[in-house]
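Q: I would like to learn how to read a model like this one. Please give the general idea each time, then the case at hand.

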Amino acid sequence: MNTEQESIRCMASCPVCGRGLCKAVPHSVVEMHCPKCKNPLLVCFENNGVSVKVLDRSGSAGAPGHGTVC
Ligand SMILES: [Zn+2]
């Protein structure tokens, strides 16, 4: 039940299902798909943490998908 473990060096987690995603250095942006719920995510690493956004995939139909692996 601990939600304040932000000292774990910018560990991103999925805002939809809560699964841990990946780590990265500050000031980097990672675009990836959640391995669990398959939602497209945009992960923005900053100085003091990380913010994860769920990308809206409506309007871009026809794309076979990227092979982004963290
Ligand atoms: Zn997820």
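A: Start with burial: a residue is buried if 20 or more other C-beta atoms lie within 10 Å of its own, exposed if 12 or fewer, and partly exposed in between, with C-beta atoms placed from the backbone. A nonpolar core is then a set of buried Ala, Val, Leu, Ile, Met, Phe, Trp, Tyr and Cys residues joined through C-beta atoms within 7 Å. Here the largest nonpolar core has eight residues: A12, C14, L21, M32, L41, V43, F45 and V50. Strand β4 (residues 40-46) gives the most to this core, with three residues. The model is predicted, so local features need pLDDT of at least 70 and side-chain atom pairs count only at pLDDT 80 or more, while totals for chains, interfaces and linings use all residues. Numbering starts from 1 along each chain as its sequence is written.

Q: What elements does the protein have, and in which order do they run from the N terminus?
A: Helices (H or I, at least four residues) and strands (E, at least two) are DSSP runs, numbered from the N terminus. This protein has zero helices and five strands, and the elements run β-β-β-β-β.

Q: How many of the residues of the protein count as buried?
A: Of its 70 residues, 13% count as buried.

Q: Which residues of β4 lie on the covered face, and which on the uncovered one?
A: L41, V43 and F45 make up the covered face of β4. P40, L42, C44 and E46 make up the uncovered face.

Q: How do I read strand pairing?
A: Strands of a sheet pair through backbone hydrogen bonds, either parallel or antiparallel. Two strands count as paired if DSSP finds at least two bridges between them. In this model, an open sheet of three strands has the order β3-β4-β5, with antiparallel pairing. Its edge strands are β3 and β5, each of which pairs on one side only. From one strand to the next, the twist averages 20 degrees; axes are lines fitted to C-alpha atoms, for helices over the stretch in contact, and angles run from 0 to 180 degrees between N-to-C directions.

Q: How many bridges join strand β3 to β4?
A: Six bridges join β3 (residues 28-33) to β4, and the two strands run antiparallel. Within this pairing, E31 stands opposite L42 in β4.

Q: How should I read a positive phi?
A: Most residues other than glycine have a negative phi, and most peptide bonds are trans. K38 has a positive phi of about 70 degrees although it is not a glycine. The hairpin of β3 and β4, where K38 sits, has six residues between the strands. H27 also has a positive phi, near 65 degrees, and lies in the loop between β2 (20-23) and β3.

Q: Why does K38 count as exposed?
A: K38 counts as exposed because it has 11 C-beta neighbours inside 10 Å. H27 counts as exposed because it has 9 such neighbours inside 10 Å.

Q: Where is S28 found, and is it buried or exposed?
A: S28 is found in strand β3. It is exposed because 12 other C-beta atoms lie within 10 Å. The C-alpha atoms of S28 and V50 are 9.6 Å apart, although these residues are 22 residues apart along the chain.

Q: How do I read contacts?
A: Two residues are in contact if their C-beta atoms, placed from the backbone, lie within 7 Å. Among contacts in the protein between residues at least 6 apart in sequence, 24% join residues at least 24 apart. P15, in the loop between β1 (11-13) and β2, touches V52 and V54, not counting residues up to four places away in sequence. P15 is partly exposed, with 15 other C-beta atoms within 10 Å. From P15 to N39, 24 residues apart in sequence, the C-alpha to C-alpha distance is 9.7 Å.
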